[in-house]
Amino acid sequence: MTSLPATAVRASAVEERVQELLARISLDQKIGQMTQPERLHVSPAEVKRFHIGSVLSGGGSCPGDNRPADWVAMNDAYWTASMEEDADHLAIPLLYGVDAIHGNANVLGATIFPHNIGLGAAGDPGLIERIGRVTAREVCAAGVDWTFAPTLAVARNPCWGRTYESYSEDPTLVARYAGRIVRGLQEAGVVACAKHWVGDGGTVGGVDQGDTVMGEEELRRMHIAPYVPALEAGVLTVMVSLSSWNGEKCHAHRYLIQDVLKGEMGFGGFVVSDWDGIDPVADDYGDAAAMAVNAGIDMFMVPETWRAFIAGLKEQVERGVVPVGRIDDAVARILQVKFASGLFDRPRPWARRGSNGSAFGSGEHRAVAREAVRKSLVLLKNEGGVLPLDKGARILVTGPAAHDRGRQCGGFTVEWQGVTGNAAIDGGTSIWEGIRAVAPGAVLRGGGDGATPAGDVPDARDFDAAVVVVGERPYAEGLGDIREPSPVRAGTNHLPGGPGVLQPYGNTLKLAALHPEALRTIRGLTAQGVPVVTVLVSGRPLVVNEELAASAGFVAAWLPGSEGAGVADVLFGDYDFVGRLPMSWPGKMPEGPGRGGRSGRGTALFPHGYGLRLL
Ligand code: GLC
């Protein structure tokens with residue numbers, strides 16, 4: 001496994017190789033290196049013909065039977081095409097990118113970690129580095145070289161649909177993790193990508209791709225700060241945010257990209273746009289491309305419009321709107337990353353030692369994920385010592401997320417928006433399967449067994465306690481927003497419903513309004529005299545005052561991933577709770593146009609850092 005140097009990208013030996021190659025490639029090949037189509041819209045032959053520098057898989061865009069071997073075969077075809085040198089094409093290895101943001105979770109059988117918000121609750125930077133290494137091994141097993149992780153967002157409003165991708169509302173916690181996850185990934189052979197530059201988690205009202213309205217001092221303190229340790233750790237790529245800062249799109253923000261990130265902070269890798277991120281920058285596509293390139297973006301995620309991008313950018317260069325020097329700088333950065341990451345020295349994906357690695361989804365890897373689950377759980381209530389549960393007791397387990405490995409994984413899992421049910425999550429354990437393994441007197445009612453519809457109240461008279469697992473369905477990005485449906489939003493072409501159609505998850509953080517079946521079940525069981533332990537599976541804090549009041553015990557489990565058994569490890573006392581809230585927990589919906597201002601946090605029921613212990 002090639003270990004990536006944590007030192008500066010611009011090592012002198014690399015610099016010489018880059019300049020030598022740069023001097024030999026054509027303008028067409030330079031622009032090709034700056035272009036990143038999505039796999040469904042480009043063939044290996046086109047990769048060679050248009051000198052494409054990178055290809056990506058969007059969430060859920062998986063080859064063949066979606067096993068590591070299928071991914072290796074796909075990547076081998078792309079890589080081989082990129083290396084077929086002839087009179088028109090110099091061999092430059094292709095970089096393949098995926099969203100392995102909580103394990104290589106697109107791929108069937110992968111180890112799927114808790115999403116970042118749960119890792120933030122764990123408060124364990126060493127664990128984060130180990131997760132990075134395991135994730136890198138499972139990315140390499142698929143023959144992939146680059147992950148669009150870590151997300152360094154500082155989520156300031158739980159109404160944001162990407163809150164779960166943030167480690168914390170506290171930039172110091174995000175900063176404590178940033179360098180560790182970058183080292184974990186890159187020292188195990190995968191290029192990391194710090195994202196989304198910058199202020200993605202600070203938009204007014206938590207609107208995804210919205211506007212972060214604040215002065216520069218607050219932007220630097222709150223949202224730029226976590227990137228410093230990531231750069232110090234040698235992160236090789238940075239992705240630009242689809243959001244805006246004070247009304248100006250980050251994708252056209254020369255000051256933030258060229259002056260601050262590359263100039264003042266000395267970032268030596270390359271900057272990649274986000275998906276169709278240049279679309280809203282200008283009405284004319286060529287103008288948008290020119291503005292984004294001149295702002296300092298080096299590679300462009302243009303999944304379907306890549307041909308138009310190439311043609312448009314070439315025309316802008318020929319017209320002198322984009323200086324050749326800027327193109328050369330962009331390509332030099334891309335080549336530097338490919339050299340520094342060892343991509344030029346690696347064999348074809350099919351021949352790499354890590355490809356199809358047997359550790360993929362292994363027990364060793366899953367043990368790390370199960371440890372992460374244990375450490376991520378936050379105990380919010382434990383009335384009458386209902387926890388820890390007795391392994392010999394008669395436990396009724398129910399609720400829609402009790403036996404649903406898909407729900408417990410959340411978004412960016414097998415599909416972009418995630419999946420429900422157990423069929424698509426190959427390996428791992430549901431929360432119920434973890435309980436059943438340690439408590440012989442436990443019985444599942446509803447919640448995936450099909451015996452009773454979710455939301456019905458089972459007969460609990462013969463039980464000592466009940467575990468009710470409730471929460472959110474999986475979602476990703478703007479489809480997870482809590483807000484009124486917005487009419488049109490540019491730059492969201494890939495959302496279901498077509499360009500600009502954005503259907504949020506709901507318009508309130510109140511669980512009782514979003515999923516009333518949860519409260520009905522909790523109250524119905526409590527009314528039968530059985531103490532209820534509620535386990536909340538969600539991508540964020542929700543307003544759960546009524547559910548809390550009706551429960552004896554209440555656990556925030558976030559999105560635990562494939563190893564649901566980690567929940568039972570703590571419910572039954574094999575391990576104590578260590579998790580602390582990475583975000584303050586609201587007691588009511590933030591009011592006002594910004595939903596309680598930019599942060600939406602003036603309504604905390606539990607403060608950031610809160611968490612009970614059993615002992
Ligand atoms: C998405 C996300 C970004 C992701 C990219 C590729 O729109 O904003 O985080 O890495 O597209 O899937």
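Visitor: Which residues line the second largest cavity?

Guide: This is a predicted model. In it, the lining is made of Trp 160, Arg 162, His 196, Asp 200, Asp 208, Gln 209, Ser 241, Leu 242, Ser 243, Asp 274 and Glu 477.

Visitor: How many of those are nonpolar, polar and charged?

Guide: The lining has 5 charged residues, 4 polar and 2 nonpolar.

Visitor: And how much space lies in there?

Guide: About 70 Å³ lies in the second largest cavity.

Visitor: How many cavities does the structure hold?

Guide: There are 7 of 30 Å³ or more.

Visitor: What lines the largest cavity?

Guide: Its lining has 16 residues. Those nearest the centre are Ala 100, Ile 101, Asn 116, Tyr 167 and Ile 181. Helices H5 (116-122), H6 (125-140) and H7 (171-186) each give two or more residues.

Visitor: Which helix gives the largest share?

Guide: H6 does, with 4 residues.

Visitor: What's the split by class in the largest cavity?

Guide: The lining there has 10 nonpolar and 6 polar residues. No charged residue takes part in that lining.

Visitor: New topic, the ligand. Which residues are closest to the ligand?

Guide: Asp 99, Arg 162, Lys 195, His 196 and Asp 274 are the closest. In total, 12 residues surround the ligand.

Visitor: Which polar side-chain atoms lie by oxygen atoms of the ligand?

Guide: One belongs to Asp 274, at 2.5 Å from a ligand oxygen. Asp 99 has a side-chain N or O atom 2.5 Å from an oxygen of the ligand. For Glu 477, a polar side-chain atom lies 3.2 Å from a ligand oxygen.

Visitor: Let's switch to helix H11. Which of its residues are buried?

Guide: H11 covers residues 285-295. Gly 286, Ala 288, Ala 289, Ala 290, Ala 292, Val 293 and Ala 295 are buried.

Visitor: What covers those buried residues?

Guide: The cover includes helices H10 (254-264), H12 (306-318) and H13 (324-340). Strand E11 (300-301) is also part of the cover.

Visitor: What caps the N-terminal end of H11?

Guide: Asp 284 does. One of its side-chain oxygens is 2.9 Å from the backbone nitrogen of Gly 286.

Visitor: And what comes just after H11?

Guide: Gly 296, with a positive phi of about 115°.

Terms used
Residues numbered from 1 in each chain as written. Predicted model: local features only at pLDDT ≥ 70, side-chain atom pairs only at ≥ 80, totals over all residues. Heavy atoms only, no water. Buried < 20%, exposed > 50% of the residue type's maximum accessible area, 1.4 Å probe, protein only. Contact = heavy atoms within 4.5 Å. Polar contact = N/O pair within 3.5 Å; in protein donor to acceptor, adjacent residues only side chain to side chain. 1 Å grid on protein atoms, 1.4 Å probe; cavity = no way out; pocket = protein on both sides within 12 Å on 5 of 7 lines; lining within 4 Å. Points joined across faces, edges and corners; volume = space filled by probe spheres on them. Nonpolar A, V, L, I, M, F, W, Y, C, P; charged D, E, K, R; others polar. Near = heavy atom within 4 Å.
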